[in-house]
Amino acid sequence: MASVKEKSKPGDGSPGDASPAAAKTKHPKERYLYWYESMMLQRKFEEKAGQLYGQQKIRGFCHLYIGQEACSSGSYSALTKDDKWITAYRDHGIPLALGSDPNAIMAELFGKQTGSSKGKGGSMHIFDKSVNFMGGHGIVGGQIPMGAGIAFAEKYNKTTNLCITFMGDGAVRQGSFHETLNIAMTWKLPVIFVVENNGYAMGTSVARTSNVTDLYTLGEAYDMPSEPVDAMDVEAVHEAVSRAAERARKGEGPTFLEFRTYRYRGHSMSDPQKYRTKDELEQYKQRDPIENVRATILKEKLATEDDLAAIDQKIKGIVDESVKFAEESPYPAPEEAFKDVYMQKDYPFILE
């Protein structure tokens, strides 16, 4: 684990490279191909969602994951299908990495009955129990104690499963973050806390909100193993999550990981992005996680250009089909507004 002394230079708040990278281990061919296909699906799905938002076919808030795909795909390959996942409202990429039906995710963005949350959640509240995705959550930091609670349930039931809990860099300013890290470490809960530090909490840089810009050091206040991760490198993500998962399954408690990543689009579709330069954006695109994996696959002769082109074409078909499915699906019937809601039928304060 990195020590507190291994600081990055303070700057404008954009996430710097992680501490000196560990030597990369060799991964099997199937893993590299999963990473490429998974990240490419997320990229093309999100690009299409951005186009559809511009056409007003997707309404409301919409937060794209473009640039951050290594966070989800690298974590998935390090965990098991029985582990649980929870995140904030930039939540399209994770369920796609987990294997959710792209049709259901796109239909949810359209607000259609066939969506993963029956059209009631939209972009910010995607859930999929079938892949143990416990949802995207709209309240900043609200999912952090929930993630610890899910991990507590796994420990209580004596499973070997864990919960990986994602948050944005702005969420570490919330009191619930610190309360949760304290109790998770005290109870040695099987949880991996991940802050996806893309440099900006909405439009405000990390450096403008805190004296501490190396966010992983916040976990060390609770004696929690903590480290920075170059999350533009899917291999580095996989290896860091693997170490944290091994610790959790041994009953040694939580880990706090700072995924240093970058979003190519604005905070949401309404963000003019005036707080950063085009040069900064282009610098990060030179380290694109998909292009890095593509280069490795070709260099190591794990697949040919034609093989990757076939994957690209397959993904295009999947995304096009998801749009067609969403457009042809019905909106929820009016009576659906009263379903799936916790309610007390004899509540005494309702006037008829």
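In which helix is tyrosine 156 found? Tyrosine 156 is found in helix H5, residues 143–156, where helices are DSSP runs of H or I of at least four residues, numbered from the N terminus.

This is a predicted model, in which local features need pLDDT of at least 70 and side-chain atom pairs count only at pLDDT 80 or more, while totals for chains, interfaces and linings use all residues. Residues are numbered from 1 along each chain as its sequence is written, and side-chain values use heavy atoms, with hydrogens and water left out.

**View 1. Isoleucine 58 in the loop between helices H1 and H2.** Isoleucine 58 has a relative accessible area of 1% and is therefore buried (under 20% relative accessible area, with exposed over 50% and partly exposed in between; 1.4 Å probe, protein chains only). Beyond its neighbours within four places in sequence, isoleucine 58 is in contact with Ala49, Leu52, Tyr53, Met106, Leu109 and Phe110 (contact: heavy atoms within 4.5 Å). Methionine 106 is 48 residues from isoleucine 58 in sequence, yet their C-alpha atoms are 9.2 Å apart in space.

**View 2. Helix H2, residues 69–76.** Because 7 of its 8 residues are buried, helix H2 is largely enclosed by the rest of the structure; the buried residues are Glu69, Ala70, Cys71, Ser72, Ser73, Gly74 and Ser75.

**View 3. Tyrosine 156 at the end of the numbered range of helix H5.** With 60% relative accessibility, tyrosine 156 counts as exposed.

**View 4. Confidence across the model.** The protein averages a pLDDT of 90, and 92% of the residues score at least 70, pLDDT being the predictor's confidence in each residue, from 0 to 100.

Technical notes:
Helices (H or I, at least four residues) and strands (E, at least two) are DSSP runs, numbered from the N terminus.
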